[in-house]
Structure formats: C-alpha cells, structure tokens
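Please read them with the structure open beside you.

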Amino acid sequence: MAYNTFVLICGGTACESSKSDEMYKLLQKEIFDNNLKNDVQVVKTGCFGFCEQGPIIKILPDNTFYVKVTPDDIKEIVQEHLVKGRTVERLEYKPSEDKGRVKIEDIEFYQKQFRIVLRNCGVIDPENINEYIARDGYLALEKVIFQMTPDDIINELKISGLRGRGGAGFPTWMKWNLTKKENADQKYVVCNADEGDPGAYMDRSTLEGDPHSVLEAMAICGKAIGASRGFIYIRAEYPLAITRLEIAIKQAKELGLLGDNILGSDFSFDIEIRLGAGAFVCGEETALLRSIEGSRGMPTPRPPFPSVKGLWEKPTCINNVETWANVPVIINKGGAWFSKIGTENSKGTKVFALTGKINNSGLIEVPMGTTLREIIYDIGGGIINNKKFKAAQSGGPSGGVIPEQYLDTPIDYNNLTAIGSMMGSGGLIVMDEDDCIVDVVKFYLQFTVDESCGKCAPCRIGGKQLLSILDDISAGNATEQSIKNLKAISIAMNNASLCGLGQTASNPVMSTLKYFEDEYLEHINGKKCSAGKCKSLMTFTIVADKCIGCTACARKCPANAIIGTVKQVHVIDQSKCIKCGACVTACKFDAVIKG
Amino acid sequence: MTETMIKIKINETELEVPAGTSILDAAKQAGIKIPTLCYHEDLLPTASCGLCIVKIKGMNKKVRACATAAENGQEIITHDSELYNIRKIVLELILSNHPNECLTCQRNGNCELQTLAKEFGIREQVFKPQLKPKNIDKSTTSLILDRQKCISCGRCVQVCQNVQDVWALEFIGRGFNTNIAPAGDLELNESPCVKCGQCSAHCPVGAIVEKDEVDKVWEGLNDTTKHAVVQFAPAVRVAFGEGFKLESGEIVTNKIYSLLKKFGFKAVFDTNFSADLTIMEEGSEFVDKFLNNPASLPLITSCCPGWVDYLEKYYPCCIEHFSTAKSPQQMLSALAKTYYAEKNGIDPKDIFMVSVMPCTAKKYEISRDENMSASGIQDTDVVITTRELVRMTKSSGIIFDALPEGKADSILGEYTGAGTIFGVTGGVMEAAIRSAYYLITKEELSDINITPVRGLKGVKEAEIDIKGTKVRVAVAHGLSNVKKVMNKIKEAKAKGEETPWHFIEVMACVGGCVGGGGQPYGVTNTIRNKRTEGIYTDDKQSKARCSHHNPMVQKVYEEYLDHPNSHKAHDLLHTSYTHRPVYLK
C-alpha cells in the first residue's frame, strides 16, 4: 500500500494557535469519509517559515501551496483538490493584490533561502522518527560511531568552519576540542534551547519541526568528546517543542539510537530534558548550567569555562539548538561542502526570525553573506504599506540597529559586529519611518532591565539608569548631559558587567546614538518626536481653516480639553490635553493635526 | 609538593606568584590595591560589583581580578584612566541605588561603600536616585536587615549558605528588584536563621546590622532604682582594642574592667568565670556519662546559641546528646540574680544585667525560653556586641587608651586560663579535657596544652588517653563543618553503630567566638589567628589554667550550689531543648 498524495499541514506553534490542529483532525475525517485513506496521507509537519501566511497546507506531489487556511476551507480542499483534482485557487498564495496567484516554486519568500537547519521543517512529521531516518537521519551518528575517531569528527567541524549560532559565534570545533582534551570521569553535552529574545523563535521551530536533528548532533558530540549524558535545557513556555522532544527521545531509545550501546556499539549516550522557568539570563551558559544544577540562574565568572568546569564542575560542551542542527549535515555531506556556503569568516547559513514592519514576516534561512536588502525586500517582500525603511534590529536586545546605509552589507558575524550590532541568535526586527528610535530602545532596555539576573551592579543598576534617562528624553525632561550619561553608563556596563547580558544590554543605546543621535537631539533640544511615538512631546492642534465647528472632537475628548461651540472654530487647551489622539480620529475634516 | 610558580607583569612590575593566584592577590603582592566591594577573603568571589576589573594585554574583555587566576606570561594593567572612569561610573551607579543616609547609618565611618566614595572623590549624585522600596526586617531580636541599603554584593548569601550552611538568606526577585531576604520573602524569624550574625560581620554596608541596644544600656545605667552589673565574654578582650586602632589580639581585659566601672556599673563580672563554671557542670556531665552511661554518648557542647538554634532546627534527632549546661552568659546572669543578689541583699528585680558579647545570637539567647529566667525574671537584660561597646565607649567621652588597668569584682570575676580559651574553637574542648582528666583520675594532666584541637582547621579530631581509656573527641566550627560531623553521628545512629566520637565541641562561627558575628568589622583568617593568639597568651599568663582550680568557682559551690550537677545547679545552670521548625511558615 502506498500513498499517492501527501497533505502537509503546519504544526508549528503559530499555525497551531490558528487552529491547524483542528484542521489536521478535520482533514483526516474528510479523507476517511471520502474513502481516500489509502491514497492520501496527512502529515503534521514543523514550521514552513512563512508564518505571515499561516496556517499553511502543502499538497504533494503537485506542490500546491495553500495559505491562510481556516477550518471552513478543509471540506473544499478535500472535495476539490483531493477528490476532483482541482486546485482551490482562492487559497493559493498571492504575493500582492495586483499580482496573480503563484506556485510554490515562484514564491520569492523561498527563492533566496537555503535550508540546512530547517531542512526537515515543513517536510517531515516530527513525531515520527522513521520520517527523519528516511531523510538520512541518524546516518551521521552511525558514521561517527563506526567510521570516525573523535579527532576525525572534530576535524570535520573544523573544516566546516561552523561557528556557534547562539550569539557570540565561537568556533564550534574549538569548543568540542577543549572539552575533549579535559580528563574527567564524567563529561556532559548540553543543548541550550533557552531562546528568549523578543520576537525570536528559530530554535523553537527547529525543535518543533525536527527534534531528531538535535538529538543526533548531541550524540555525535558525546562520541567526539567522550560524554555519555546530555541535557536539553528548554524553557517551559515551549510546550509543543518539549512534547516533540520527549516523543523523539522515546522513539530514538526504542530504536537503539540513544541509550546504552547505540547501534550495538560500545558507545552509550542518553539525553534528559530540563525545563527552565523562562528567565532570559538562563540562555547565558553559566547561568543555564547553574539552573540545571538546581540553583538560581545567575552567571558565574568565566574562566573557568564550561569546557573545563561546567555542569557539576565537570567538562561540559554546550551549544545552541541551531548549531546542533547543522552538525549531522556537516558529518554527512562533509565539512568542505559546508564551508563553501557563506562568507570568509562565517560559513553555512543563518536562520532569522524576520518580524516587525515587514510584509512577509516569518522564519527564514539564508546563506551567510546575504545582504539585509535581499532579506527585507526580496524574501521579506518589503516594508508594510511601502513605508520608508528606517533600521533593522539584529541580535535582539543585545544587538544594535542597522541603518539604511548598511542595507547592502553582507550579513556575517564580523560585518555585523563592525557596524555595531551582532548576529545574536537571529532575531531580525524591521522598523520603518513611523518608529521612534528612543521608543524602540526603551522597549529593549525595559526587557533587559526586567531580565537582568540582578547579580552584578553595572547591569542591575546601569540598565535601570539608562531606561530612566531614556524616559526623561521621551518626556522632554532631558538635557545634552543626558546623552553623555547614556554613553558613560553604556561604556561602564559593557566593560564591567559579569556576563553577556549586561555587557551587551547597552548595545541598542550605543548603536542608535551612533546612527541616530540627531533623533535623540530632536527629542532633547527640539522637544519633538517626529515619529509621533513619544506622547509627552506631541501636541495636538486644530487648523482653523479646516475646522467647521462640528463639535465631534470636543464630544470625543475624554479630558474636556477642546473648547468651542457649534459652527465655531475649536481650540485645544494644551494644559488639559492628555494626548490620546481621540480628536484626530473623530475629525472628519483632517482639521486636527499632531506634531 | 612544590608550588608551580608563574611569572607575570602587573603595571610594569614583574613578579612571580604561585600558579592559581588570583590577579587581586598577585597585585597585592606587587603593592597594588585594586578596589573591591563584593570580594571578601573568607568567601569565594561572587564577582558581582564589577569594581575590580583589570586589563590583560591581548585580551579583548576586561576581567575581574577577584575571580580570575593570573596566568604565566600575562601582562596586567590594574590602573589607568579608562579603568578609573569605568570604576567611578560603576561606583556612582551603586550610589544611585543606595540611600543617602550615611549620617544616620550604623555603619557611618565604617562602611566600605562610603570609603570607596571618599577615595574616588565622588562629590555629587550624578545619576538620579533609583532606590528599592524601604523594607526593614526587625523580626529577630538580633539582627536588622534593611533591604533598601543592600547593594546585592552577595557576601551575606555566601556566608549564610556556604560557610554556615544555614540557607536563611537568598537572592529573591529579579533584575532591578533583586533583593536579599529569606526564601519566599519571609522575615528572618520565620526563616532558618540562627542569628549567628556572620551576615552582619561580612556586609560591606549597613544593610544587615546587629540590633543596636546601646541606648537600653545607658537607660539602665541611668536608672537610679537599678543596680546595674555587667559581664563580658572571653573573645571580647582580644578584639575590642581594634575599635581603638590597637592590634588584633591585644589583650585589653583590665582596661575593659575600668571602662565598665566608669560607665557606672556597680559590679563588673567576667564571663570567663562562668566559663570555668560551665566546665565544672558540662565536664561533670561528660564524666558521668562516660563512666556510667557510655551508650548515651556523644556529648555535644551547647554554649553557642547559634549552634543551639541550628541543632534544634536541623538535628532534632541529636537533642538527647546535647549538654544541658547553659552557656557561660546565662550561667553568670542566673547567678548574678540569685547568688549575688542574695549575698548583697538586692532584690533580683532591681538588678540590671548587661552582657557584652562577640555574638549577635546571644541577643536571641536571653529570651529563647523560660529556662533563661532561672532567677524568676529574665536573667540577662541586655546584650550588646563588641561593636556596640566600641560605639558606646566612643560616645561616652572616655579615652580608652588613657584608662588605668582595672579589676573585676571578686567571686563572679575571677577566671582561669581554661575559661578564657572558651573564646576560640577547640577551647571548650581543651578546657573540658583539662578538668575531665582530673575528675576521672583525680590526677592532673602532665601537659595541659591539647594542641590537636587548636587552630582553624574546620574539623579537628583527637584521641585523649585517660589512664588507658581512649576518649575520642571532635571539634567543629563554621556550621558547614559542623554539618559534616553531625551527619556522621546521624549515620552511625541510624545504623545502630557506635558514634565516631565521645565528646564534640561546636562553635557556629569560623574560629569560634573570636570570629563571632558581633566582633569588629573586617575579620579575616589573619585577624582570627591574631585574636586566637591573644586568647592563648591570656591562658598561658593565667595563674591557674584549669577550671577546677578556680577558687571562686569552688567558693560558689561551697556557698551556694553544693556540687556540680546538684539539684540547685540544675535549676539555675541547666536547660532543655526542643525541636524547632526550620521555617515558621
């Protein structure tokens, strides 16, 4: 019995929250009712990446790509497409109103992408190990157990040029090698799945869509460094990823791909899951290790590095989800193959969670060296409503802004650092002309202030002070001294904070001061926020020529700040105005202007 | 094994240090002081304050000198204008998070943050004050925790968890709202806190301090209806001088007698006297068990109130092994309000008994249960720590250096060397052995110096030969070390085996009372050793060095108590223990 048609439905968190699970069940029911169960298989996959258009259903072999599907559409898809063989055109992806429907191979969102990490996401059923195995899964593990020495493995990684995808970009082979060189009765392999940047969901999607790739890689590392135990530290707010990991570990153990004497060899490796409570700082490796040990998640000084003294003081190799997911491919296809992708100093691909003021927000994987322009305009489909691009924030709250003049810079570790940002784990938030830089930086600072572990003074107090100064700036209470203070605190935090969180928390401030100092000065000296985000700096006025005295604004004003009677020009009493903007919305004659 | 030496360069000075030396210590060796605020010699570096950052040539990031070991060939810069500026900003940030209450703070003039602000020439509040809400925990009778003043350096958490193994204090909350408090945001008296006060001794600022009761003492002294008397503990005499720029360990016993007399105390007693009395009671208790009921051993000493609280909370299974003898403080106070009162025709209610202790838990001990009111009313009225006595002296106008050598009042003031060594770890054991040997054999020990129980090693063991019978003893100090000993006892008991020791001495604080939580600030092992040396010097210089040779102790037995462990002695000088919950909530 073989199926001739496959219906792939996205089972990522975002699509699930848009009822994809309900649709999965409906599909099964409809297929059963129409007596197609021997011909059509429904597969719940991981994330397709094109989250903007979710929930997504893809039908194979004809490669039809249905977007924004709702439960009401399922009957029609089954009746039309599966029974009658007619495409439901209204559900096909349409890039824009003026363009027609397009087939998957013509979708620009996918055209410039290159998938290594996400190779199985949206392709296989992550809850079925056989589907992973069918796509060369666990082949690399078999290879390293029976054909490679630990040095061979590490050498392959060295040739590949893979660098850590968690943020800092430390060469992965070096980390493995340092841990391998240590003599100890016990070593550990740890997967950092404590993804916490606002807007970032690369690791979650990878684990949801392809959990075995991480398990396999950790076992490979165990073989290379001489470890028999691994831990996956994942935040409890990723329930779907946790469930799929649990299923994957169970299935791998049943097939003898994890546990004692893997594939009959003398190599044993077991993996356990540890749930984090969601503290951002636990993504910092020493804090993460303390949290696994059961202590408060607070960073400890490095050195000693985890490769020397890690979990329970034993040598520990810790990598992030995306780094792990690259490893089986490198072993299978060779380090040399991998090293051909990317730039001089940054090999392979990078997964980004593309969000913000962008048409095609979603999860993308591009070769290192792709420019921001390609990401935003080709893959991302440009800025929403054709607004003007202002900047993109990479590296999350630890990163910096990339202004327009660097749109054509090839994105890699070194280039991003050189322009004052960083790769980070891959959050990419696009801002347009309506975004106020001060406001954006306040958002990031509020995040790091909340998420600081509170241990070291520069981070704990410095962050709070930065935020307070930014508040002053957006409230019109700042002076040019405020900018000097911002800079001084930023430098102190960067140099004197204990861990990466504090050392980089001021990056948004520093990089925006570098590229958008004028906008700060506009707030400080001009008491003006051009983007109209800083309420205290806004004034609402009524243009006398346009006001017909309809009283609509006065009736809507919650503060009784608008004076005027019928057929008279109205005036806003600035001392009473609370800047809510209700008058702007109420006026049908564009007579109320904000500025 | 010879130490591997490494060569490094600090600010152009070349030097050799043993491998593993921290940059901070190496710099000290090169005559350079790197500013620190969270670092304390007693503790593992928490690396929280960020002041000790230094540069290493070839390294991008600055490292913390306290937590980084120097490596061979490194060129280290500890001071330059960049580092100065960063440190100053960090300091200004810390100051912005700390209330400007220096003038009314208990640590005024003795605060590490204040000193740094002075050294860095900070003249204005550069950043807007960003304070934590006022939150003062006065729930215990020993300590006051002011969370707003806390700079989150983590010293108290480390000392409480790692050195004392009490786990009363913990970091709670996150980010800017991080606080130090008992887990679950409880108050200290609801927590496992044993009131040892090591947190207060290690706090660099005024966030955790002893409950200041100097005013209460003055009040009692000025009350004409009261007959004020005072005692002070063994360890006070070798540390008090530090408050007046004297060397640690300098014995100032006689000057303290004069000082207290000048304050107006009608009688000045010495806790060393009742330490001798404790030996007679506890020693007899041990001898009795050893000879008549060895199965009930080990006997565990009980003169340390922090330790008593700890045992009641964490080892209730061992209560039966606890000596019922009260601490010297409580024995003396009980006698002052009975024996001394009767002898001098004073109504015990009119006696105002003050006690000067190196210890904050002593403030808790005086009202811990009804046994502490053996005289019918609370035996000790007020306890002040060594630190409080220093402040009291300074405010009194008395120039300590100029005081004449004085004397204690007889009977409750005379002591032997055995009494004085109660102030150090191993001292109670040594004093007990000196007398137990006599009590068992009716002969004197040929050498009364029991050196194996001396010193700062965490757990000390010895085997004492009493005429062919071996007595196995253990001495532990610092509650994390005590735990090791207690767990072995618990284990042996669970298995029904004989416990490894017959007699065990415990002091909650590292070094014993000389390192107590109420002693002058800045304690390190160097200082503990100096104070200890002072104690042993006092012992050596004493006319009598065994408690059973104290003529006044004999006299009290003759006149009042009859004999050790007599009925009356039991009423006045012994107590009982109870299982207390670790958490009250």
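**Notes on the backbone, the contacts and the packing**

1. P303(A) sits in the loop of chain A that runs between α12 (285-293) and β8 (316-320). Please bear in mind throughout that this is a predicted model. As background, most peptide bonds are trans.

2. S152(B), with phi of about 55°, is placed in the loop between β7 (143-146) and α4 (155-163) of chain B, and S152(B) counts as buried because 27 C-beta neighbours lie inside 10 Å, where 20 or more are required. D562(B), with phi of about 75°, is found in the loop between α17 (551-561) and α18 (567-573) of chain B.

3. The buried residues are R155(B), C156(B), V157(B), Q158(B), V159(B), C160(B) and V163(B). The elements that cover them include β8 (170-172), β9 (179-181), α5 (198-202), β10 (208-210) and α15 (479-495) of chain B. After α4(B) comes D165(B), which has a positive phi near 55°.

4. For the contact between the chains, chain B contributes 28 residues and chain A contributes 29 residues. On the side of chain B that touches chain A, helix α2 (residues 81-96) of chain B gives the most, with 6 residues. By residue class, that side of chain B divides into 14 nonpolar, 10 polar and 4 charged residues.

5. Chain A is divided into domain 1 (5-106), domain 2 (129-339), domain 3 (349-432), domain 4 (437-524) and domain 5 (539-594). The C-alpha centres of domain 2 of chain A and domain 3 of chain A are 27 Å apart, and 15 residues of domain 2 of chain A are in contact with 15 residues of domain 3 of chain A. The side of domain 2 of chain A that touches domain 3 of chain A is made up of 4 nonpolar, 6 polar and 5 charged residues.

6. Which residues touch the most other members of the largest nonpolar core, which has 343 residues? They are L27(A), M218(A), I220(A), A392(A), V90(B), V230(B) and F269(B). Leaving aside residues up to four places away in sequence, I220(A) touches A140(A), L141(A), V144(A), I153(A), V327(A), P328(A) and I331(A). Another core, of 12 residues, lies apart from the largest one, and among its members are F540(A), C553(A), A554(A) and I562(A).

7. Strand β11 (residues 389-394) of chain A is mostly covered, with 6 of its 6 residues buried. β11(A) pairs in the antiparallel sense with strand β13 (residues 427-432) of chain A over 5 bridges, and here F389(A) has D432(A) as its bridge partner. β11(A) is also joined by 4 bridges to strand β12 (residues 400-403) of chain A, again antiparallel, with V401(A) as the bridge partner of Q393(A). β11(A) and β12(A) form a hairpin with 5 residues between them, and in the turn G395(A) has a positive phi of about 80°.

8. Finally, chain A contains an open sheet of 4 strands in the order β2-β1-β3-β4, with mixed pairing. The edge strands, each of which pairs on one side only, are β2 (40-45) and β4 (64-66) of chain A, and the twist from one strand to the next averages 20°. Within this part of chain A, strand β3 (residues 57-60) and β4(A) run antiparallel and are joined by 3 bridges, with Y66(A) in β4(A) as the bridge partner of I57(A).

Terms used:
Residues numbered from 1 in each chain as written. Chains lettered and ligands numbered in written order. Predicted model: local features only at pLDDT ≥ 70, side-chain atom pairs only at ≥ 80, totals over all residues. Helix = DSSP H or I, 4+ residues; strand = E, 2+ residues; numbered from the N terminus. Contact = placed C-beta atoms within 7 Å. Nonpolar A, V, L, I, M, F, W, Y, C, P; charged D, E, K, R; others polar. Domains from an automatic or database assignment. Core = buried A, V, L, I, M, F, W, Y, C linked by C-beta atoms within 7 Å. Pairing = 2+ DSSP bridges. Axes fitted to C-alpha atoms, helices over the stretch in contact; angles between N-to-C directions.
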